[in-house]
Each structure stands twice: as C-alpha cells, then as structure tokens.
Amino acid sequence: MRIVLLGKNGQVGHELQRTLLPLGPVSAFDRKECDLADPAALASALREAAPAVIVNAAAYTAVDKAQSDQDAARRVNTDAVAEIANIARATGALLVHYSTDYVFDGESAAAYVESDFTNPQNIYGATKLAGEAAIIESGCDALIFRTSWVYSNHGGNFLKTMLRLARDRDSLNVVADQHGTPTSAELIADLTLVAIAAHRQGQLSSGIYHLTADGSTSWHQFAQHIIGRANDNGAALKLSSENIHAIGTDQYPTAAQRPKNSTLSTAKLRQALGIALPDWTVHANRAIDQLTKLETPT
Ligand SMILES: NC(=O)c1ccc[n+]([C@@H]2O[C@H](COP(=O)([O-])OP(=O)(O)OC[C@H]3O[C@@H](n4cnc5c(N)ncnc54)[C@H](OP(=O)(O)O)[C@@H]3O)[C@@H](O)[C@H]2O)c1
C-alpha cells in the first residue's frame with residue numbers, strides 16, 4: 001500500500017514519517033517538493049505517486065497571521081484540501097486529514113463532541129472548518145482528526161517557547177482563562193497508524209474524530225507544569241513555576257480571538273478503536289524530559 005505524506009516537516013508530519021512506515025512505502029513531501037498553494041504541483045505529485053492513502057499534515061497554522069493573510073490561509077487550509085479530496089475521490093484513495101479545536105467558539109462548559117455546533121472565532125478556524133466541509137462534500141473516503149494545542153520536540157510550539165523564555169526571564173504572565181488539551185505530535189502520529197490500520201480492516205468508518213490526549217488544562221497551568229518539571233530535572237532556568245502569573249485573555253491581546261474552552265471529547269475515537277488515551281501530562285513529561293534532562297549534571 002503506497003502512502004503519500006504532505007507536510008513532512010511539520011510537527012505531526014515529522015512524526016508521521018516514522019509511524020506510517022509499517023503500512024508500506026511512504027512518499028513524503030515538504031513545501032518545496034509539493035506546494036499546496038500550487039494546484040498543478042499538487043495534482044502531479046499525487047498522480048505520479050498513485051497512493052492508496054494520502055495523509056495531509058500540511059496546513060497554514062499561523063493563527064494570528066491568518067487574520068491579515070486570509071487568502072493564503074484559505075488557499076492551503078480549504079482550497080488545496082478540496083483539491084486533494086477530489087483526487088482521493090477520483091482515485092479511490094483514503095484521505096487522512098487534521099483539523100482543529102478552533103472550529104468551536106469555546107462557549108460550552110463541557111468537552112465538545114464531533115456533532116456539536118461549530119462556530120469558529122478566527123480565520124484559521126474558519127478555513128480549517130471549510131476544509132472539513134470540502135472533504136465531506138467530495139464524498140471521498142476520509143478520516144478527519146480534530147486535535148488541539150499540538151507540541152513536539154521538533155518545530156515551534158508553546159512548550160518549547162516556555163522553556164526558551166524561562167532561560168532569560170524570572171517572571172512571566174500566561175493566560176489562565178483558555179482551557180484545552182495539550183497533545184503530543186507523537187500521540188497523533190501513533191494513533192494515525194492505528195486508525196488507518198483499523199479503517200483497512202473495516203473497523204473504523206470514514207468521518208470526523210476528536211484526537212487529543214486525555215484531560216484539560218489552561219495555558220497557565222500548562223506553563224507551570226513545564227517549568228516545574230524542567231526545574232526538577234535540573235535545567236538551567238531563571239524562571240520558577242511560582243513566578244508564572246495568571247492573567248486573563250483581555251490582558252494578552254492577539255490578532256485572532258481564541259475559544260475559552262476548546263476541550264474535545266475523544267469518546268467516539270476511543271470506543272471505535274477500543275483504546276485508552278493517556279492524560280496530557282504523560283507525553284508532556286516525556287517531551288520536557290527529552291528537552292531538559294541532558295542538562296542534569298551527572
Ligand atoms: N499546532 C497546533 O497547535 C494545532 C492545533 C490543532 C490542530 N492542528 C492541525 O494539525 C495539523 C498538523 O499541525 P502541525 O502542528 O504539525 O503544523 P506545523 O508544525 O505548523 O506544520 C505544518 C506544515 O505544513 C507545511 N505547509 C504550510 N504551507 C504549505 C504549503 N503551501 N505547501 C506545503 N506545505 C505547507 C509547513 O511547511 P513549512 O515548514 O515550509 O512552513 C509545515 O511543515 C494541521 O492540520 C493543523 O491545522 C494543529
């Protein structure tokens with residue numbers, strides 16, 4: 001079974017290069033090798049590889065920049081996704097695609113289920129939601145995974161930003177009134193393999209699934225967790241978790257509005273695959289240890 005991976009250098013794409021291998025030969029593309037903003041390049045890459053599975057880990061993910069760069073965000077997150085879906089429909093390939101917690105407005109007190117009303121509050125979320133709609137409209141065979149607060153040791157993310165800032169700063173203000181679930185790119189890639197295998201066996205049907213770690217936290221608690229664990233590991237930081245101060249979203253204005261609660265219920269995926277999902281701290285601790293333990297004096 002031949003697989004095409006788009007966006008191989010992103011956080012999730014990097015991990016997928018490893019986890020997809022047991023399925024068959026993987027043709028992996030970065031932006032230079034296949035630019036999603038270039039429909040002809042996209043069509044020719046997919047035609048040439050003739051994959052049974054297309055995994056699209058490429059996306060326009062600069063949430064704030066998207067507010068002033070709508071056309072570029074729409075091109076990658078909506079139009080290119082529609083083109084990929086139409087090719088998948090025409091060739092009978094399975095499309096695996098990732099979407100976001102930012103399709104919701106965050107007003108619900110409960111964790112969102114897949115069928116909940118969507119109401120994105122920013123351009124990024126709107127373009128990702130339109131990408132989901134284009135896939136469904138195409139009628140292709142597809143697994144769409146909505147995930148959230150992605151981090152990894154590869155690429156830029158909140159966890160690495162906190163560790164970087166903690167080397168130079170002895171106090172930090174972090175937003176405490178947005179809640180969600182930090183999710184490791186490793187976990188997403190591992191479960192993508194499990195899901196594709198289950199789909200091939202007829203055990204997982206096409207559709208939208210929420211794929212995050214278990215539990216929920218705020219950016220402030222996440223930051224305290226990262227810095228507390230890094231300090232326990234003996235990392236050379238100026239910042240302690242007590243000096244991370246909770247602030248409100250109104251005290252940290254950003255171009256894009258973000259949902260107050262974007263926790264996703266993963267019950268549908270857990271039940272379909274017969275799996276448990278680890279608490280968000282499990283993979284976070286692993287990442288923090290990998291990034292900081294080398295600094296521990298021996
Ligand atoms: N990051 C999060 O917190 C988060 C949260 C919820 C959902 N998601 C979703 O999860 C998926 C994976 O996210 P991620 O965190 O792995 O994203 P990421 O690290 O930002 O990686 C995205 C990748 O897409 C590539 N890309 C962007 N524009 C492209 C284009 N025109 N043509 C080809 N490739 C292009 C980027 O290439 P360059 O390196 O060249 O820019 C990058 O390698 C995405 O669908 C995202 O929307 C992410």
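Biologist: Which residues does alanine 213 touch, not counting residues up to four places away in sequence?
Modeller: Alanine 213 touches Thr181, Pro182, Thr183, Ser184, Leu187, Leu277, Pro278, Asp279, Trp280 and His283. Here, two residues are in contact if their C-beta atoms, placed from the backbone, lie within 7 Å. By the way, this is a predicted model, where local features need pLDDT of at least 70, side-chain atom pairs count only at pLDDT 80 or more, and totals for chains, interfaces and linings use all residues. The numbering starts from 1 along each chain, as its sequence is written.

Biologist: Okay, and is alanine 213 buried or exposed?
Modeller: Alanine 213 is buried, with 24 other C-beta atoms within 10 Å. A residue counts as buried if 20 or more other C-beta atoms lie within 10 Å of its own, exposed if 12 or fewer, and partly exposed in between, with C-beta atoms placed from the backbone.

Biologist: Where does alanine 213 sit?
Modeller: Alanine 213 is in the loop between β10 and β11 (217-218). Those labels are DSSP runs, numbered from the N terminus: helices are H or I with at least four residues, and strands are E with at least two.

Biologist: How far apart in space are alanine 213 and alanine 197?
Modeller: They are 20 Å apart, C-alpha to C-alpha, and 16 residues apart in sequence.

Biologist: New topic, the sheet. What order do the six strands come in?
Modeller: The order is β2-β1-β3-β4-β5-β10, in an open sheet with parallel pairing. Two strands pair if DSSP finds at least two bridges between them.

Biologist: Which strands stand at the edges?
Modeller: β2 (26-29) and β10 (207-210) do; each has a single partner strand, so one side of each is left without a neighbour in the sheet. From one strand to the next, the twist averages 20°.

Biologist: How many bridges join β5 to β10?
Modeller: Four bridges join β5 (residues 141-147) to β10, running parallel. Phenylalanine 145 stands opposite tyrosine 209 in β10. At β1 and β2, another parallel pair, there are four bridges too, and leucine 5 faces alanine 28 in β2.

Biologist: What packs on the sheet?
Modeller: Helix α1 (residues 11-19) packs there, touching β1 (3-6), β2, β3 (53-56) and β4 (94-100). The direction of α1 makes about 155° with that of β1. Axes are lines fitted to C-alpha atoms, for helices over the stretch in contact, and angles run from 0 to 180 degrees between N-to-C directions.

Biologist: Which residues of β1 are buried?
Modeller: Ile3 and Leu5 are buried on one side and Val4 and Leu6 on the other, so both faces are covered. In a regular strand the side chains alternate between the two faces of the sheet.

Biologist: Which members of the largest nonpolar core touch the most other members?
Modeller: Of its 85 residues, those are Leu5, Ile54, Val55, Ile84, Ala85, Leu95 and Ile227. Helix α3 (residues 70-91) gives the largest share, eight residues. A nonpolar core is a set of buried Ala, Val, Leu, Ile, Met, Phe, Trp, Tyr and Cys residues joined through C-beta atoms within 7 Å.

Biologist: And what does alanine 85 touch?
Modeller: Leaving out residues up to four places away in sequence, alanine 85 touches Leu95, Ala134, Ile135, Ser138, Cys140 and Ala142.

Biologist: Switching to the ligand: which residues come nearest?
Modeller: Gly10, Gln11, Ala59, Tyr98 and Val150 do, out of 26 residues around the ligand. To be near, a residue needs its C-beta atom, placed from the backbone, within 6 Å of the molecule or strand. α1 gives the most to this shell, with three residues.

Biologist: What's the phi of alanine 50?
Modeller: Alanine 50 has a positive phi of about 45° although it is not a glycine. Most residues other than glycine have a negative phi. Tryptophan 149 also has a positive phi of about 45°.

Biologist: Where are alanine 50 and tryptophan 149?
Modeller: Alanine 50 lies in the loop between α2 (39-49) and β3, and is exposed, with 11 other C-beta atoms within 10 Å. Tryptophan 149 lies in the loop between β5 and β6 (150-151), but is buried, with 25 such atoms within 10 Å.

Biologist: Last one: what should helix α6 span?
Modeller: At 1.5 Å a residue, the 16 residues of α6 (residues 185-200) should span 22 Å, and the end C-alpha atoms are 23 Å apart, which agrees. The expected span is 1.5 Å times one less than the number of residues.
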